[in-house]
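Trainee: I am new to this one. Please show me the model, and I will ask as I go.

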Amino acid sequence: GSTVDGKNINEEQEICTGDGSVDRHGHPAIRGKTGTWIAGILVLVNQGLATLAIFGVGVNLVLFLTRVLGQDNAEAANNVSKWTGTLYIFSLLGAFLSDSYWGRYKTCVIFQAIFVIGVVSLSLCSSLFLLKPSGCGDEQVPCGSHSAFHIALFYLSIYLVALGNGGYQPNIATFGADQFDQEHPKECHSKISFFSYFYLSLNLGSLFSNTILGYLQDQGKWALGFWASAASALLALLLFLCGTPLYRHFTPQGNPLSRFCQVLVAAIRKCNVKVETIPDHHHHHQHQYLFEAYPKQEDSTMSQFRDRKILHTQGFRFLDRAAVITAEDYTVQENEEGAGKSSSWRLCTVTQVEEVKCVLRLLPIWLCTILYSVVFTQMESLFVEQGAAMRTTISSFHIPPASMSSFDILSVAAFIFICRRIVDPLFARLKKDDPPSGLTQLQRMGIGLVVAIMAMLSAGIVELFRLKYAAAKEDSCGAGIFCGSQSSLSIFWQTPQYVLIGASEVFMYVGQLEFFNDQAPDGLKSFGSALCMTSISLGNYVSSLLVTFVMKISTRDDMPGWIPSNLNRGHLDRFFFLLAALTAADLIIYIFCAKWYRHIKYETSYNEQAVVLSP
């Protein structure tokens, strides 16, 4: 019996993954020897350290520009916005390179190396040139003037940091998820947990840099803060490289833009071809559709592992024409010179057509998440301004208004465990599915929007009370005596709105990461993660547009607008209620989009029998 058991154990170790991943030599990945939680934990630690490093640079960048480089508030804020926007644009570049040419592992290593070079050169530039006289850069001691060369070196460094972190960010989440086999029940469950822990590690990294590094830099210890970031970035890269023999990879599938254009061109060329109605998720080869257009000349077992085929879905019927074989295509195919070149622009595989449909279906869902990001960005701006106009002292201890975001991070940590241990098992019981499944990704994103509405209502109600207490304080002061713009309401009344934002992040951003990773086609996984990042960046832009628009409309001769510099003269509560109303409208549109959405389905031809490699 023991030899049989031994053989079984050996075979179990030799079974390949079912999702088409390969090891670093390009052979099908063996489940027992690659990936899973050992590789996953390395990615999580790497993400935590890299987040600590990027926040160590970004969180007080606006203070560095004002105190050390002597810029005024508006110019510094503008420069930080440009820098943040650029970082997110680079995330699209990183996603494109990894999906098309380099693969995720190589892209992560190259961009992390650029990131390390950027943070080290920023630390050197600051400590050698910018922080002169020594000890300058706190609130008391101003720094001397700087040469144009030193300023240029500083900007080169921070934009290298943006390039490195931007290019790496969308790939690391997807690369971590690649370590778990979608087609294996146990690993598929781990993959879902991975996204929750990934968001948690991101928050823990930012908690450390927001508190400890933020405090150091606020005290003027800029060089120490930057060097701590550099050490963290370097350690992240070294740890990532340690896992090289363990990682699972997916081979990049070439430039997606040309694949998209081929489908559109082929569909337009065949606009007169009649398309028969095909039920959802039918196998390609049962119909007039092309099963595999022009097979690659490679070992058949390898290609069987690499290219999962997407099943046909209803909708966007016009695009289906691109995959219909016509008499003309047979002529082109028989003519050897024409095959290969003109054919792919005349005739596409169903998988190619479904890729385009898939992206078109993801876009409405993605657009609905942008307004959520507008709510999320209030935490860094208006919540802090609101907090600064409240009572920020407990006996003699002063609480920095920005540090209230710690409640958001603690809330994220708590709700990740509440979701995994309580909410999901509860819904799995109620739904009675087989196998048991909790809330779907789309349902979680919807709940995220509901909780975001509650957060805005909470912030608006707190502001109503803050104004009431401020007015009472002014009345008690008596006429003509200035008694400060702070309300007597304690800053801790802001706790519910921070906790609710944290809870909504767990539902919305973790759900969004999972959803885009799960639903993006194999050749566009990193692009899916980049969409999540650009949603946050567009949220920033839309938020600033909205504030400008509201101020233009609400400012009159006798009225200083809803958000003036002295909040006691304004109506910040109305702005929060406006955001709640806009998010409610967004939620209604989102529900329609989610009902209309059709999930991507793959053929599981090679997964139905486990493939055992012969020794």
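Trainee: Leaving aside neighbours within four places in sequence, which residues is E355 in contact with?

Mentor: This is a predicted model, in which local features need pLDDT of at least 70, side-chain atom pairs count only at pLDDT 80 or more, and totals for chains, interfaces and linings use all residues. Residues are numbered from 1 along each chain as its sequence is written, and side-chain values use heavy atoms, with hydrogens and water left out. Contact means heavy atoms within 4.5 Å. With neighbours within four places set aside, the partners of E355 are Q253, R259, F260, I310, P521 and G523.

Trainee: Does E355 count as buried or exposed?

Mentor: E355 lies in helix α13, residues 350-377. Helices (DSSP runs of H or I, at least four residues) and strands (runs of E, at least two) are numbered from the N terminus. For burial, the cut-offs are under 20% relative accessible area for buried, over 50% for exposed and in between for partly exposed (1.4 Å probe, protein chains only). E355 has 4% relative accessibility, so it counts as buried.

Trainee: What share of the protein chain do buried residues make up?

Mentor: The secondary structure of the chain comes to 19 helices and two strands. Of the contacts between residues at least 6 apart in sequence, those joining residues at least 24 apart make up 82%. Among the 615 residues of the chain, the buried share is 52%.

Trainee: How far apart in space are D23 and R248, C-alpha to C-alpha?

Mentor: D23 sits in the loop between α1 (2-14) and α2 (36-58). It counts as buried because its relative accessibility is 18%. Not counting residues up to four places away in sequence, D23 touches P28, A29, T34, Y247 and H249. D23 and R248 are 225 residues apart in sequence, yet their C-alpha distance is 5.1 Å.

Trainee: How are α18 and α19 set against each other?

Mentor: Helix α18 (residues 525-554) packs against helix α19 (residues 572-596) at about 125 degrees, with axes 12 Å apart. Axes are lines fitted to C-alpha atoms, for helices over the stretch in contact, and angles run from 0 to 180 degrees between N-to-C directions. Under 35 degrees is roughly parallel, over 145 roughly antiparallel, 65 to 115 roughly perpendicular, and the rest oblique. So α18 and α19 are oblique.

Trainee: Which residues is L582 in contact with, leaving aside its neighbours within four places in sequence?

Mentor: L582 lies in α19. With a relative accessible area of 32%, it is partly exposed. Its C-alpha is separated by 7.9 Å from that of L371, 211 residues away along the chain. Past its neighbours within four places, L582 is in contact with L371 and L546.

Trainee: How do α5 and α8 run relative to each other?

Mentor: Helix α5 (residues 104-130) and helix α8 (residues 222-242) pack at about 160 degrees, their axes 9 Å apart. By class, their contact holds 20 nonpolar, five polar and no charged residues. The angle makes α5 and α8 roughly antiparallel.

Trainee: On which residue is the kink in α15 centred?

Mentor: Buried residues of α15 include I409, V412, I416, C419 and V423. The buried residues of this helix pack against α7 (185-218) and α17 (495-519). The bend at a residue is the angle between axes fitted to the seven residues ending there and the seven starting there. In α15 (residues 405-431) the kink is about 45 degrees, centred on C419.

Trainee: What is the phi of T36, which is not a glycine?

Mentor: T36 lies in helix α2. It counts as partly exposed, because its relative accessibility is 25%. Its phi is positive, about 55 degrees.

Trainee: Where is F316 found?

Mentor: F316 is a residue other than glycine with a positive phi, near 50 degrees. At 31% relative accessibility, it counts as partly exposed. F316 is in the loop between α10 (300-306) and α11 (317-320).

Definitions and conventions
Nonpolar A, V, L, I, M, F, W, Y, C, P; charged D, E, K, R; others polar.
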